[in-house]
Amino acid sequence: MPGMSAVKETIRRPLETALKVFLASLPPPPIRLDQIQRILVFAYHGLGNFVMFTPALKLLRERYPAARIDLQVGNNTGCDEVLAGAGIFDNIYNLPYSAGLSRWARRAFEIRQARYDLTINEFHSHSWPIALLTAFSGAPFRLGHVTSPGWSHRFSRYSFVFNIPIEMRENEHEIDRYLDLIAAVSGPLDYRQASTFIHLTGADGEFAERFLGGDAVSRSAVTIGMQPGTSPTMRWKQWPLARYREIIQKLLAHHPDARIVLFGSASERPMICDLARDLGSNVIIAAGKTTVKQAAALIQRCQMLVCNDSGLMHLAVAVGTPVVAIYGPTDIRRTAPIGSEHTVIRHDLACSPCFKLEGDGRVHLCQHHDCLMTITSEEVLEAINEKLIDRTPWAGATRTKLNGLEGTSRMKQSAN
């Protein structure tokens, strides 16, 4: 409601000013960076973004092997699952924005009592509630991304909270953005060694084996994963479902023993069930039937994942499964799958990419979405068949700190 927003803003502005004065009055940190013993990481973002955060988090643990490192999430996208049990975090806290004032207040006092030496906010974790938690934490070091080229000030109005500010470049890959944070407290890093990962257990692998082996379809030579959907708030990333159905029909016509596993969240399940109707028993619906880890274990057993730009795309990269990724409005410089085994299909229009660091406003103003609509099923099918013909393992690309995408993925790109 516009009226309520105005009231909130009227209250927030003087509080913001008071918070700036309070933080400016604090004395210099009483300890050095090498004396840090307690760390709190905020990660309020999507699944794919968190997967891209994993190399930095691994390096953080290596830099502070004896420290207590805690994670706080709150977006209900499965980020808390990705590294659970990996030994990187001592505690994982889940506090959604909708939790209510009393839970946020209780959490603020818990953080204060924990006496953290360092808090870390990556650029997705910028909000008034988290700014208050960070300031109230009493942590002598407050590390975070701040206003940067291509990132509007309104998306980082709380940059003043951080006394270790890290700027980003507009064309910087998100993996590198996260690594820049850790470099600020650990010294120079070898970006070439950074690779995403998810911590899977034996139970996750057993689930995948049961899921595939227990299906009515016998084991076949080819298992292809597909993720046709997206989250409801990002349907503008979604390639038309009718085209996914078309490529499934053509694949099964040429590879009748192949299995197609359809992935997605529980909210996407009705849409995916409708897509799979009458396609036969070789099309297996996993959407809504798995945890994040179980989905990753299933994807690990696929020859490839055909998908939109999504969290599951990044899970596939993390478990070593090649992807055929269909890109539309997204700024590919930020989120491309890293590795020569991956194929990105996109059309480079004069107006693309329109979804950049500063948000999705331009996406919603677009009347045509030609960047997605002009990608044909034949283009995607050709990329799939190339991977089916050459099923030998790919050599991973040597990774450098990215300013662009050259050498990081195989791109099928056309200019329209």
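This is a predicted model: local features need pLDDT of at least 70, side-chain atom pairs count only at pLDDT 80 or more; totals for chains, interfaces and linings use all residues.
Where in the chain does R115 lie? R115 sits in the loop that links helix 4 (101-114) to strand 4 (118-121). The protein chain has 416 residues, and 52% of them count as buried.

**The chain as a whole**

- The protein chain contains 15 helices and 13 strands.
- Take the contacts between residues at least 6 apart in sequence: 69% of them join residues at least 24 apart.
- Confidence averages a pLDDT of 86 over the protein chain, and 85% of the residues score at least 70.
- One stretch to read with care is residues 392-408, where pLDDT stays under 50. For this stretch the model has 43 contacts beyond four places in sequence.

- As background, most residues other than glycine have a negative phi.
- R115 is not a glycine, yet its phi is positive, at about 55 degrees.
- With a relative accessible area of 60%, R115 is exposed, because exposed means over 50%.
- D278 is another non-glycine residue with a positive phi, here about 70 degrees.
- The loop that holds D278 runs between helix 9 and strand 9 (283-285).
- D278 has a relative accessibility of 74% and so counts as exposed.

**Helix 8 against helix 9**

- A pair of packed helices is described by the angle between the axes and the distance between them.
- For helix 8 (residues 241-254) and helix 9 (residues 269-276), the axes come within 10 Å and cross at roughly 45 degrees.
- The crossing of helix 8 past helix 9 is right-handed.
- Helix 8 brings L241, Y244 and R245 to the contact, while helix 9 brings M271, D274, L275 and A276.
- Sorted by class, this contact between helix 8 and helix 9 has five nonpolar residues, two charged residues and no polar ones.

**Helix 7 against helix 10**

- The axes of helix 7 (residues 202-213) and helix 10 (residues 292-300) come within 8 Å, crossing at roughly 60 degrees.
- Helix 7 and helix 10 are therefore oblique to each other.
- Helix 7 passes helix 10 with right-handed geometry.
- On the helix 7 side, the residues in contact are D204, G205, F207, A208, F211 and L212. They meet K293, Q294, A297 and L298 of helix 10.
- By class, the contact of helix 7 with helix 10 has six nonpolar, two polar and two charged residues.

**A buried glutamine, Q238**

- Is Q238 buried or exposed? Its relative accessibility is 13%, so Q238 counts as buried, the cut-off being under 20%.
- Q238 is placed in the loop between strand 7 (223-227) and helix 8.
- Leaving aside residues up to four places away in sequence, Q238 touches P228, G229, T230, M271, N308 and L372.
- Among these partners is M271, which also belongs to the helix 9 side of the contact with helix 8.

How values were computed
Residues are numbered from 1 along each chain as its sequence is written. Side-chain values use heavy atoms; hydrogens and water are left out. pLDDT is the predictor's confidence in each residue, from 0 to 100. Contact means heavy atoms within 4.5 Å. Axes are lines fitted to C-alpha atoms, for helices over the stretch in contact, and angles run from 0 to 180 degrees between N-to-C directions. Helices (H or I, at least four residues) and strands (E, at least two) are DSSP runs, numbered from the N terminus. A crossing is left-handed if the near helix is turned anticlockwise from the far one by less than a right angle, and right-handed if clockwise. Ala, Val, Leu, Ile, Met, Phe, Trp, Tyr, Cys and Pro count as nonpolar, Asp, Glu, Lys and Arg as charged, and the others, Gly among them, as polar. Buried means under 20% relative accessible area, exposed over 50%, partly exposed in between (1.4 Å probe, protein chains only). Angles under 35 degrees count as roughly parallel, over 145 as roughly antiparallel, 65 to 115 as roughly perpendicular and the rest as oblique.
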